[in-house]
Amino acid sequence: MAGTGGRPSIYPTLLYADAKAAIRQLTEAFGFTELSLYETEDGTVMHAELVQGNGAVMVGSKGRGGLFDTAMKDAGPAGVYVVVDDVDAHHQRALEHGAEILMPPTDQDYGARDYLARDAEGNIWSFGTYAPEIGG
């Protein structure tokens, strides 16, 4: 069953004009680990999975063809929240790799500490400690 045994039940899926550059930024600046990468002979990223903690994001190239690519053609930037243990260290790593920081690490009224960054293609990434319990 998805969501148990190390299998997330929700995977944000983002398409990029330069998916290889996005994967580099997500792994180098934001600490994701590349789990899988499927490319065509010309280097188009058909599908990649990147993990962070017990969650994952799927990444692919825009213009790769297929129904999902067509449906996402006019989609705007997305926002994704990622739980990290040490917000300040994570933020420092992002800074060292040139990530655009929109908000430095900030203590929130609801008890979390987080920061905001924009990736090279405009998606907004929040990294912080907010991790509500789900389910019963």
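Which strands does helix α1 (residues 19-28) lie across, and at about what angle to β3 does it run?

**View 1. Helix α1 lies across β1, β2, β3 and β4 (55-61).** The model is predicted: local features need pLDDT of at least 70 and side-chain atom pairs pLDDT 80 or more, while totals for chains, interfaces and linings use all residues. Residues are numbered from 1 along each chain as its sequence is written, and side-chain values use heavy atoms, without hydrogens and water. Helix α1 runs at about 5 degrees to β3 (axes are lines fitted to C-alpha atoms, for helices over the stretch in contact, with angles from 0 to 180 degrees between N-to-C directions; contact means heavy atoms within 4.5 Å). Helices (H or I, at least four residues) and strands (E, at least two) are DSSP runs, numbered from the N terminus.

**View 2. An open sheet of 4 strands has the order β1-β4-β3-β2 and mixed pairing.** At its edges, β1 (13-16) and β2 (33-39) each pair on one side only; pairing requires at least two DSSP bridges between two strands. The twist averages 20 degrees from one strand to the next. Strand β3 (residues 45-52) runs antiparallel to β2, joined by 6 bridges; glutamate 34 has leucine 50 in β3 as its bridge partner.

**View 3. Serine 126 belongs to strand β8 (residues 124-128).** Serine 126 counts as buried because its relative accessibility is 13% (buried means under 20% relative accessible area, exposed over 50%, partly exposed in between; 1.4 Å probe, protein chains only). Beyond neighbours within four places in sequence, serine 126 contacts Val80, Tyr81, Val82, Tyr115 and Leu116.
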